[in-house]
Amino acid sequence: MCLAVPGKIVSIDTSVPELKTAKVDFGGIVKHICVQWVDVQEGDYILAHAGMAISVLDEGEALQTLADFDAIARALESD
Amino acid sequence: MQYIDDYRNNTHIQTLARAINRKVAHEWNIMEICGGQTYAIARYRLEDLLPPEVRLLHGPGCPVCVTSEEVIDHALDIARHPEVILASFGDMMRVPGNETDLLHLKAQGADIRLLYSPLDAVELAAANPAREVVFFAVGFETTIPVHLAALQEARRRKMTNFSLLCSFFAVAPAMEMIVQQPDNRVDGFLAAGHVCAITGNAACRRLAARYKHPVIITGFEPVDLLYGLYRCICQLERNEAQVENAYKRAVPENGNTVAQALMNDALDTVGCKWRGIGYIPDSGFVLKAKYSAYDATGKFPFENTKHLTNTRCISGEIMKGKLCTADCHCFGTECTPEHPAGAPMVSAEGVCAAYYRYRQP
């Protein structure tokens, strides 16, 4: 139920200011998603849940987490 | 796909599994809260990668599974009104009430629709002005504000034929109930990342500080889940009880404040019944009186006179971390995804359905 899927903002439609929507590309499948709750631009990645963008994905934090996996791998090898 | 492939990467999975096996020195019971996490654990067979000292308990975070029989019966009753179009997520269609389920009622001619988003129900109501559209609104904090966004959109468009039948739950009170049980077995939690993306991390911080259990905010891909487990086990072995965010790419510390404002504006906190588990204080939400025009419980009052028919389902004890699916005499025989006796056999994210599909009990 709480499934949320990452997707890339293709374009943003602000014609209804109370319900801003965006075309979002989910690995080739494009859907309209409401982006009223997030501050986004074209090219940003969001997490979509039940038609709503609930969060903007943070590239810096994602890279930090991946770097942590590498650090764990190095620590295993040096043990 | 960006933000997915790295978190299903086999090298990272092997690294984290080895790191967990290296780190563990004692026996630990760790509960993942969200049904989406349970599903991924079963699907990717992550338990097979863990040392025997680490046992996963599967928590109550599937709103389809914990919606009470009485609310399902109310939805069935509303759907029987000829002027009503009842809409909901696909998962709700086959959850048994006390006598039948929505899919059987649909087969008998009731107008019941499956929708992807509550926002689509507003369009359905706009396209059918002579009908009453009721969205059977089920969810935790991740989904609740999406329903409220639909309510606000219906209100903005001055629609009078749209309402919500709400079955809304809060995750943190259920976690608190579990650790307060005298025979609690949970040593640490993997918190539901997408709930925290809305609520922020304050409730997890209170829980960790008060009950001295580590709480790791965790994502939903196999690498995310192993990373959450690794950080939880590191804390447990050091005898620490902190909140750590292992899903920082998606969960900011304060969550989504727009969604929180929607919830604060529209909802009152109430005690409510969780199917199989029972009453938990302050664990649910109802619409405030100012939104009664959009509340299906007022538009379609219902008094349930039926008594609970299926008392053999042990899923409540499973979701409290006390039993597992192997303890159930009905699993895979009387209760299957085709003929579910209990709610967790219905939703793909229910622990029983996930185990039925991907694992032995």
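Modeller: Contact, or touching, means heavy atoms within 4.5 Å. This is a predicted model, where local features need pLDDT of at least 70 and side-chain atom pairs count only at pLDDT 80 or more, while totals for chains, interfaces and linings use all residues. Residues are numbered from 1 along each chain as its sequence is written, chains are lettered from A and ligands numbered from 1 in the order written, and side-chain values use heavy atoms, without hydrogens and water.

Colleague: OK. What does Ser283(B) touch?

Modeller: Leaving out residues up to four places away in sequence, Ser283(B) touches Phe168(B), Phe169(B), Ala170(B), Pro173(B), Val270(B), Gly271(B), Cys272(B) and Trp274(B). Ser283(B) sits in strand E11, residues 278–287 of chain B. Helices (H or I, at least four residues) and strands (E, at least two) are DSSP runs, numbered from the N terminus.

Colleague: Is Ser283(B) buried or exposed?

Modeller: Ser283(B) has 0% relative accessibility, so it counts as buried. The cut-offs are under 20% relative accessible area for buried, over 50% for exposed, and partly exposed in between, with a 1.4 Å probe and protein chains only.

Colleague: Which side chain does the Ser283(B) side chain meet in a polar contact?

Modeller: That of Trp274(B), at 2.8 Å. A polar contact is a pair of N or O atoms within 3.5 Å; within protein, one must be able to donate a hydrogen and the other to accept it, and residues adjacent in sequence count only if both atoms are side-chain atoms.

Colleague: And Phe168(B), where is that?

Modeller: Phe168(B) lies in strand E6, residues 162–169 of chain B. Its relative accessibility is 3%, so Phe168(B) counts as buried. Not counting residues up to four places away in sequence, its contacts include Ile144(B), His147(B), Leu267(B), Ser283(B) and Phe285(B). From Phe168(B) to Leu148(B) is 20 residues in sequence and 11 Å in space, C-alpha to C-alpha.

Colleague: Zoom out. How many helices and strands does chain B have?

Modeller: Chain B has 15 helices and 11 strands. Its radius of gyration is 20 Å, close to the 21 Å that the globule rule gives for 361 residues, so chain B is as compact as a globular protein of that length. That radius is taken over C-alpha atoms, and the globule rule is 2.2 Å times the number of residues to the power 0.38. Of the 361 residues of chain B, 61% count as buried.

Colleague: Now chain A. What order do its elements run in?

Modeller: From the N terminus, chain A goes β-β-β-β-β-α. The radius of gyration of chain A is 16 Å, well over the 12 Å that the globule rule gives for 79 residues, so chain A is more spread out than a compact globule. Its C-alpha atoms fill a box of roughly 60 × 25 × 20 Å along the principal axes. Buried residues make up 44% of the 79 in chain A.

Colleague: Which non-glycine in chain A has a positive phi?

Modeller: Ala50(A), with phi near 50°. Ala50(A) is in the loop between strand E4 (45–49) and strand E5 (52–56) of chain A.

Colleague: On to the interface. How many residues are in contact?

Modeller: 45 residues of chain B are in contact with 38 of chain A. The two chains bury about 3,700 Å² between them, with 69% of it on carbon and sulfur atoms. Buried area is the accessible area (1.4 Å probe) that two parts lose on being put together, summed over both.

Colleague: How many salt bridges cross it?

Modeller: The rule finds 1 between chain B and chain A. Glu18(A) pairs with Arg156(B), and their closest N and O atoms are 3.6 Å apart. A salt bridge here is a side-chain nitrogen of Lys or Arg within 4 Å of a carboxyl oxygen of Asp or Glu. The interface also has 7 residue pairs in polar contact, both residues at pLDDT 80 or more.

Colleague: Which helix of chain B gives the most to that side?

Modeller: H1(B), with 6 residues. By class, the side of chain B that touches chain A has 29 nonpolar, 8 polar and 8 charged residues. Ala, Val, Leu, Ile, Met, Phe, Trp, Tyr, Cys and Pro count as nonpolar, Asp, Glu, Lys and Arg as charged, and the others, Gly among them, as polar.
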